[in-house]
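Subject: Structure for your review

Dear colleague,

Please find below the structure that I am handing over to you, with its sequence. My findings follow it, and I would be grateful if you read them with the structure open.

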Amino acid sequence: MSRIYKAIEDAVGSKYVSEEDFVRQAYGRSNDGALPERWPDVVVRPRSADEVSQILRIANRNKTPVVPRGGGCDISGGSKPIEGGGIVIDLTRMNKIINIDEQALTVTAQAGITWAELNGVLFEKGYYTGNLGPGSGMSATIGGGLCHHTVGGGGGAKYGTCTQHVVALQVVLPQGDIIQTGSNASVYVKEPFCRYGLGPDLCSMFLGDQGILGVKTEATLEIFPKPPYHTAKTFTLKEPSDVKAAKIWLAWRKRGELGIYDSNYLPLLTIQGFTGSLVPKVDFPVFKAWKGLNKAIFFYTMEGETQEELDSKQKIVDKIVVENGGEPLGDTIEKGNWAKWHYEQNGHWQNFHGLWGCMGPGSIPCSSEHHVPIHRFPEMIKKLGEWETKNLDKLTKAGPALSGVSHVLLCGHTAVEIDSGLVVWQDDDKRAQNYDLWIDQLKMIDKEGGLPYVMGESISRAFVAAGAYPGPYYDFLRSIKNTLDPNRILSPGKFYL
Amino acid sequence: MSKQTTKVPFTNLRKLEQMVASCSRIGDCRQMVRPSAGRYDVCPVKDYLGGFEPYVARGKLRMADGLLRGTLNVSDGLAKSIYECTLCGSCKEACHNSGDACIELPTSRWIDHVKVFEALRADLVEAGYGPMPRHREIYGSIEKEHNPYFERHADRGKWIPAGKELPAKGGLVLFAGCTEPYRQPELLTSLLGILDAAGVKVAVTNPNEWCCGSVAIRTGNKPLAESLAKHNIEALQKAGAKDVLVHCSGCYRALKKDYPEIVGKLPFNVIHATEFIRDLIKDEKISFKEAEEEAKVTYHDPCHLGRQTGLYDAPREVLKAIPGVQLVEMRRIRENAWCCGAGGGVKSAFADMAVSVGIDRLAEAEATKAKFITSACPFCRGNFIDAAKARKARIQVKDVIELVADAVA
């Protein structure tokens with residue numbers, strides 16, 4: 001490997017490349033609960049698209065696999081090599097904001113900046129990116145989020161997934177060519193402002209691609225003025241709470257635009273976990289105000305341009321919630337208003353990711369989060385329950401491993417995100433059992449019509465293994481991959497490609 | 001060169017195995033911006049060092065996991081990376097989400113990052129990979145002269161102004177430390193002036209006081225730390241101490257937090273000078289001169305005093321009581337404060353890095369338009385003075401007690 005190391009060192013400088021064991025080992029695992037540790041041979045931290053291009057050209061010459069990595073917060077093995085070895089490109093050094101264009105209403109930034117750092121600067125100017133990235137947005141990068149159609153870190157109900165608001169991308173193709181997509185693909189466009197209008201939308205090809213088609217080095221996103229008024233309210237829901245939550249969301253959507261920024265449903269099991277009554281050894285309330293509460297929770301946050309607008313829409317919103325069995329908790333965070341914490345205390349970036357491992361030291365999730373239409377989510381929760389019953393013995397033998405749904409959130413106009421999955425124990429002896437259970441649950445979800453969006457290694461492979469892609473579609477995907485990456489050097493193995 | 005870990009038992013780290021296993025690798029310790037909580041970034045050294053994972057807590061915990069499981073071998077490079085950390089504890093606060101009164105994250109019960117890193121350092125010392133060469137020289141000075149500055153023990157009391165008699169016994173005993181007597185005596189004379197003005201009598205244990213052991217604790221020499229703790233406790237007991245007054249934040253943390261962990265409950269109270277002065281002001285034992293001019297002053301939370309021992313308010317209350325002082329806060333304060341860069345053995349082993357981090361903090365202080373950056377720690381003060389020279393900074397560096405002493409009538 002020393003020849004490749006030397007070539008990369010010449011490209012980026014010795015300070016920003018390493019083949020030391022202790023560095024490689026640190027990049028060998030992410031949040032993935034049941035995947036084995038796999039070390040890259042070299043880790044490199046480039047500062048520009050040109051340096052990324054040079055690295056990819058070196059990798060092609062040497063037929064060496066490359067995996068791009070953002071904040072390393074991924075849950076499905078997306079930022080480490082599938083076979084081990086190769087080069088990991090740590091993009092977090094590329095964290096500069098290039099331009100905030102208040103005329104075109106866009107921000108252009110290097111892909112290694114975190115969602116929180118970018119939005120922290122935008123907040124000060126009265127803007128935000130609408131969708132604020134993933135739940136791990138305090139440490140996750142925009143490049144990583146755009147690889148995944150991320151939604152859970154705030155603004156999902158109003159703005160949908162983060163990828164919906166991309167105007168342009170700078171991408172380094174697997175063989176090292178640097179291209180501009182979106183409006184930047186025209187040499188005559190003066191500033192990026194729109195993704196469409198110059199033939200096929202090739203920008204979209206790199207959105208949600210899990211890093212298999214190119215390395216995103218720069219992104220231009222729409223920015224929105226942060227509305228001056230907001231409100232946030234939290235309710236308890238009677239059982240069957242999932243059915244009631246789905247009814248509320250459908251009723252809202254059928255009333256048109258109501259200014260809902262976020263809305264979450266937290267099943268009873270989650271509340272029991274949060275209040276310390278689910279697992280004896282976890283004897284403290286995560287959210288102190290809910291101690292003793294034994295009901296499912298439902299909340300919304302809303303934004304408005306005027307207080308009058310907000311008040312009138314809130315009356316409609318509240319009426320629908322109350323008609324479906326919602327009972328409001330107090331107004332303050334101390335009285336249980338999680339929604340207020342979520343919106344005002346940047347809780348959207350703490351939404352569950354900060355609670356991983358909550359079943360005890362050494363526990364970690366194997367997420368199977370996915371999207372379904374709003375009206376289908378109670379049915380999917382039922383299917384997950386049936387899967388748990390069927391696999392109870394295996395779950396018990398695996399630790400015990402737990403299975404469940406932490407929360408469901410409204411995503412765009414038509415969908416919800418179901419944050420389902422397992423909580424397993426980080427134990428090498430049980431890793432294979434955990435992995436099998438995880439993949440089995442993922443396949444069940446795929447076959448029931450759930451759409452995964454954070455896919456990385458394990459979830460993308462499960463989707464293929466479940467037979468979700470029709471042959472011609474998968475062949476088309478493969479041919480695109482082979483055309484762009486004939487040496488199969490970029491993220492090989494994801495989607496079994 | 002890597003060596004086989006089978007020869008390294010990691011006895012200290014193994015006791016904290018559950019903490020190591022509790023990291024779920026989300027990475028808020030790598031980079032965290034949370035505007036609502038005043039949190040803007042986490043680790044003061046990562047960018048200086050190239051930014052690879054081992055230079056932030058998540059990567060260090062990964063390394064600890066690998067060492068315990070035997071999948072990673074110790075190397076000189078690994079050991080160096082463990083020492084290239086100021087142990088400021090900012091990562092712990094980010095991980096625990098400490099600014100949030102309503103949420104208690106599981107990690108706050110399960111992971112104490114600084115404890116893990118100190119345990120790993122202790123194992124590295126036992127295995128012969130640690131400390132850094134300069135630390136080893138400092139151990140020699142402490143063992144021979146009871147101070148880390150290569151000064152004669154006999155000179156420890158030279159800071160006491162000529163003609164000033166301080167009793168060797170009393171209920172209130174000053175623990176002077178090493179940095180101030182040998183390098184910054186003006187801080188001790190300031191403190192003495194304040195106490196005199198308030199009519200407070202204080203004893204000193206000199207020449208029986210030895211180094212508090214902070215440098216040994218932070219860099220992994222547990223036997224040396226234990227012997228120093230035992231010696232000092234005995235000396236303070238012999239002096240009749242009911243209350244021990246400490247100004248140096250490193251000494252304060254050692255006495256207040258580390259000594260009880262090493263030897264158990266102490267037979268005296270440990271009080272920081274800013275707490276003591278705050279109470280004197282409240283009790284109207286101190287009167288101030290009228291201010292000649294108004295001055296904006298910003299306050300830097302020393303890691304030993306703030307994140308490590310939770311003392312955030314007393315220095316601010318003291319500053320606010322000084323006539324003419326307008327306290328203006330930096331962007332990152334209290335739990336979110338940026339480290340000065342000097343702690344954890346970094347100043348002695350990696351001086352350039354310490355100054356670089358200090359320059360970052362001075363830039364933040366200058367953004368407040370303050371005339372003075374103050375602290376309550378001679379280590380922060382010393383590093384800021386070095387950083388100010390390197391940066392050619394406009395802002396002046398002072399300790400809180402210097403401003404008090406200047407203002408006392």
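In this predicted model, helix H7 of chain B runs over residues 113-127 and comprises 15 residues. From its first C-alpha to its last, H7(B) reaches 21 Å, close to the 21 Å expected at 1.5 Å a residue. Twelve of the 15 residues of H7(B) are buried, so this helix is largely enclosed by the rest of the structure. After the helix comes B:Gly128, which has a positive phi, near 90°.

For B:Val173, when neighbours within four places in sequence are left aside, the contacts are B:Val202, B:Ala203, B:Val204, B:Thr205, B:Leu236, B:Ala239, B:Ala241, B:Val244 and B:Leu245.

I turn next to the contact between the two chains. Here, 42 residues of chain B are in contact with 53 residues of chain A. On the side of chain B that touches chain A, the elements giving two or more residues are helix H2 (17-21), strand S2 (33-34), helix H3 (57-69), helix H4 (76-83) and helix H6 (107-110). Of these, H3(B) gives the most, with four residues. By class, this side of chain B has 16 nonpolar, 18 polar and eight charged residues.

Finally, chain A is assigned four domains: domain 1 (2-93), domain 2 (97-225), domain 3 (229-452) and domain 4 (459-496). The C-alpha centres of domain 1 and domain 4 of chain A lie 21 Å apart. Ten residues of domain 1 are in contact with seven residues of domain 4 in chain A. Helix H3 (49-62) and strand S3 (66-69) of chain A are the elements that give two or more residues to the domain 1 side of this contact. That side has five nonpolar, three polar and two charged residues.

With kind regards

Conventions: Residues numbered from 1 in each chain as written. Chains lettered and ligands numbered in written order. Predicted model: local features only at pLDDT ≥ 70, side-chain atom pairs only at ≥ 80, totals over all residues. Expected span 1.5 Å × (residues − 1). Buried ≥ 20, exposed ≤ 12 C-beta atoms within 10 Å, placed from the backbone. Domains from an automatic or database assignment. Nonpolar A, V, L, I, M, F, W, Y, C, P; charged D, E, K, R; others polar.
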